[in-house]
Amino acid sequence: MGAMTRLTEPLLAGLALTLLAFGVISDRALAERARRERDTAQAAAVESARLTALSVRAALAQVEQAVTVERPPVGVAVDRLAGMPPLAAQATTVPYSRRSRPELARLLSSTRATPNGLPEAVVARIALGDSPVSLGSEAPPDVGERLLSGRLPVRPNDLPYLAAQLGLGADPRVASLLERLRRAPAGGLPSLPAFRRTRTAQDRVEGWSQAADDRLFYSIPVATLVARAGVAQRLLAPGAAVGLAAEVPDVAGLTLRVAADAHAGTGGERLRLALWVAVVAGALGLVAVRRALVREAKATAREKAFLAGVTHELRTPLSAIRLFGETLAGGRGDPREYGALVARESERLESLVERVLAVTRVDEAPTFAPVTPTALVASAVALIRPRAERREVTLETRLGPGLPQAQWDEEAVRRALLSLLDNAVTHGRERGHVTVVAVEDSGVVKVSVSDDGPGIARRDRGRVFGRFVRGANSASGTGLGLHLAEQVARAHGGRIDLATEAGRGTTFTLVLPLVPAAARAGQPGASS
């Protein structure tokens, strides 16, 4: 034990320190790698978000190109309105009411505004009144239709009055055109092919542009635009707190929330976790190795103690037998007295050899066969009786009526009972009393061996069944009896209970099922 500690403790400590140093150095390298991976992943995510926004902008450019050539895609609303009439100072012109009818008839096709900002065609139509108009072979244009279609320049505030003057005040198109005029910008629009683009509260993108004297308008849902760009799978729901924000160029208010790869840049962190798991596992392995070495050292120490004890126990009866034999061979001493001494020492030697042999058989599988518990207990008591008589110990046996037949390994159970009986006779009070009680209870047999000795000290109760363990108040012995008895009980699916009190004796109870589970399963070696 001491040599193991001197040699292995520094070695294990050195290995632990080396493992820790390796973990710290490797962790620093992996931490730097993880940082670079995070930076790279962040840059890649930002670039992906930028490209996503550019893809949406490119899709919007395609939509605007189609709107410009008057072939809008499905799902895109388009409108065209005449430009807003300018506010100009009153010019000195001939009033329209004083102009000739042919001139007024020609003005019905005008798309200009009067100096007062009214559509010239509408003013000419009002000046002509209800009288018929002739333009030769051509039919006069329908000024009311042109007005309500939005092709004439008119201000929102003037529209209801002009429509009423044309007899169209109740036409539902008046309200629709009024809404379109109020929504349209008054001026400052870029010329085609450029558009002024805005995201609305209705989650649509609206674009306005100046096309000659007209104002061109389109509207497309953001979802439709994103689908046309082919990036819908990259986007998160509007208002999501996660992801990267990417503003679409040249579209006021249109910000996309682009999903980022949650696992990107985490390879280094996973490696760090794996590293420390390995380091902790290695440390636990070293602890397990140390415990195993300590257990092995303790087992070796117990083996040495056992060998030393066996050697001493063997030497004592052998020396006595040789001494008595030499005395008798020299013609000295009483042959009967010395013969009895030789027989006693031979019995002691035989018991010791039987205990040693039992150690080699304790791991063997039991051989189950029908056993009569009453006869088995009686035979064990009969075998221990001579030893009890030498210590003047009284043996009392109380067997329950009609103990049923059991399936046990008879020799193994007998050895266990002999160990309990020998323990009671040897460590009980000289000229004392040992009681053996056997009863059957709910399918198990309980064999109790009680003595009236000093009992077992509290510090020894937890280890009395250990191998080569002897209590502080034990007489000479190998420390194997109770260990072997417990092993036999476990092999039969049973146990040994201990009840003791200082100064009031000890009771060991061997509890065995009538038919152990191993016997029911028909393990090799079981017989009927």
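Reply: Arg-197 has Gly-207 of S3 as its bridge partner. The strands involved are S2 (residues 196-199) and S3 (residues 204-211). They run antiparallel and are joined by 4 bridges. Keep in mind that this is a predicted model.

S2 and S3 belong to an open sheet of 5 strands. The order is S1-S4-S3-S2-S6, and the pairing is mixed. Strand S1 (77-82) and strand S6 (251-252) form the edges, each pairing on one side only.

Two helices deserve attention here. Helix H6 (residues 173-183) packs on the sheet and touches S1, S3 and strand S4 (214-221). The direction of H6 makes about 85° with that of S1. Helix H7 (residues 222-229) lies across S2, S3 and S4. H7 runs at about 80° to S4.

The loop between H6 and S2 holds Pro-193. A cis peptide bond joins Leu-192 to Pro-193, with omega about 10°.

Another loop, between helix H1 (2-68) and S1, contains Glu-70. Phi of Glu-70 is positive, near 60°, in a residue other than glycine. Is Glu-70 buried or exposed? Glu-70 counts as exposed because its relative accessibility is 59%, and the cut-off for exposed is over 50%.

Arg-431 also has a positive phi, about 60°, although it is not a glycine. Arg-431 sits in the loop between H11 and S11. With a relative accessible area of 53%, Arg-431 is exposed.

The largest nonpolar core has 38 residues. Trp-408, Val-413, Leu-417, Val-447 and Leu-510 touch the most other members. Elements giving two or more residues to this core include helix H10 (373-390), helix H11 (410-427), strand S12 (444-451) and strand S14 (506-513). H11 supplies the largest share, 8 residues. Val-413 shows the contacts in detail. Leaving aside residues up to four places away in sequence, Val-413 touches Leu-376, Trp-408, Val-488, His-492, Leu-510 and Leu-512. Apart from this core lies another, of 27 residues, among them Leu-216, Leu-235, Ala-246 and Val-251.

S14 also pairs with strand S13 (residues 495-500). The two run antiparallel, joined by 6 bridges. Thr-500 stands opposite Thr-506 in S14. The hairpin of S13 and S14 has 5 residues between the strands. There, Gly-503 takes a positive phi near 80°.

How values were computed
Residues numbered from 1 in each chain as written. Predicted model: local features only at pLDDT ≥ 70, side-chain atom pairs only at ≥ 80, totals over all residues. Heavy atoms only, no water. Core = buried A, V, L, I, M, F, W, Y, C linked by side-chain atoms within 4.5 Å. Buried < 20%, exposed > 50% of the residue type's maximum accessible area, 1.4 Å probe, protein only. Contact = heavy atoms within 4.5 Å. Pairing = 2+ DSSP bridges. Axes fitted to C-alpha atoms, helices over the stretch in contact; angles between N-to-C directions.
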